[in-house]
Amino acid sequence: MFKKVFNRMTTFAFLILLQVGFLLFVLMRVSAYGNFIYGALELLSILVVIWIMVKNINPVYKLAWCVLILLVPLPGGILYLLWGNKRLPRKIRGKAAIFSARYLKDEVRDARMLAAVAEENGQLGSIARYLDEVAGYPIWSHTEAEYYAVGENMYGRMLEELRKAESYIFMEYFIIEEGIMWDSILDILKEKAASGVRVLLLYDDVGCIKTLPPKYDDTLRAYGLRVTVFNPMRPRANAMINYRDHRKITVIDGKVCFVAAPA
């Protein structure tokens, strides 16, 4: 009973609420010391609203924050500066730049493919060019795709392809849950890792907070898998809490890929 009540989720939520409560308490106490401080903080909130309005972000996201800040300008501006600004920290941006320079520079780009797609469908051509030039993912010819309406239909095919792996298996998922599907996949991953196949797994910590036991990554490493937990959950009230990995991808030997569309 104790473990059910004081699990990772409840402990995390309690510590975050405690920090938010302390922040609001400090803000209210500071505001009571003079109109000058209160006015300065309100001016800060107005500047934050102007800053949000000129940013090139989702209009719905803009509106939600602007309404909050204008309704409660004192804490609203501070809360946005803490949690609303989605710009990645410099350290992470630096790592991403190094990765792009090292691994994406050799990607083969076929201008004729882009032109052919644009000629057939202008909208798809614009999307393909954006993915190529901005995201660094060129389009390819001589590929095939199969559509599965539900995950259960894909499950059997995924098991079949996993058993064929000879070089590597890469899996990246927001949520992994112990059960019939994952357990059967894990049995294959353990077998492949033991035979010399590189098995790399990346999963999101918050996505699995209610589905996996603590230190599950250590358990998987003991099976021979190379595991990384994306953005491990730490009870700190900052914008990094919301940086989550929602991808659902399995890549096998660079030949077969399973991708789940966003729900």
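Reader: Which residues are exposed on the other side of α10?
Author: Ile 180, Glu 191 and Ala 194 are exposed there, where exposed means over 50% relative accessible area, buried under 20% and partly exposed in between, using a 1.4 Å probe and protein chains only. Keep in mind that this is a predicted model: local features need pLDDT of at least 70, side-chain atom pairs count only at pLDDT 80 or more, and totals for chains, interfaces and linings use all residues. Numbering starts from 1 along each chain as its sequence is written, and side-chain values use heavy atoms, with hydrogens and water left out.

Reader: And which residues of α10 are buried?
Author: Trp 182, Ile 185, Leu 186, Ile 188, Leu 189, Lys 192 and Ala 193. Viewed down the axis of α10, they fall within an arc of 165°, so they line one face of the helix. That arc is taken from the directions from the helix axis to the C-beta atoms.

Reader: What covers the buried residues of α10?
Author: The cover includes α9 (151-163), β1 (168-173), β2 (198-204) and α11 (216-222), counting a contact as heavy atoms within 4.5 Å. Helices (H or I, at least four residues) and strands (E, at least two) are DSSP runs, numbered from the N terminus.

Reader: What comes after α10?
Author: Gly 196 follows α10, and its phi is positive, near 105°.

Reader: Switching topic: in what order do the strands sit in the sheet?
Author: β3-β2-β1-β4-β5, five strands in an open sheet with mixed pairing. β3 (226-230) and β5 (256-259) are the edge strands, each pairing on one side only. Two strands pair if DSSP finds at least two bridges between them.

Reader: How many bridges join β2 to β3?
Author: Five, and the two strands run parallel. Leu 200 stands opposite Arg 226 in β3.

Reader: Which strands does α9 touch?
Author: α9 packs on the sheet against β1, β4 (248-252) and β5, and its direction makes about 150° with that of β5. Axes here are lines fitted to C-alpha atoms, for helices over the stretch in contact, with angles from 0 to 180 degrees between N-to-C directions.

Reader: Last one: how many helices and strands are in the protein chain?
Author: Eleven helices and five strands. Of its 263 residues, 31% count as buried.
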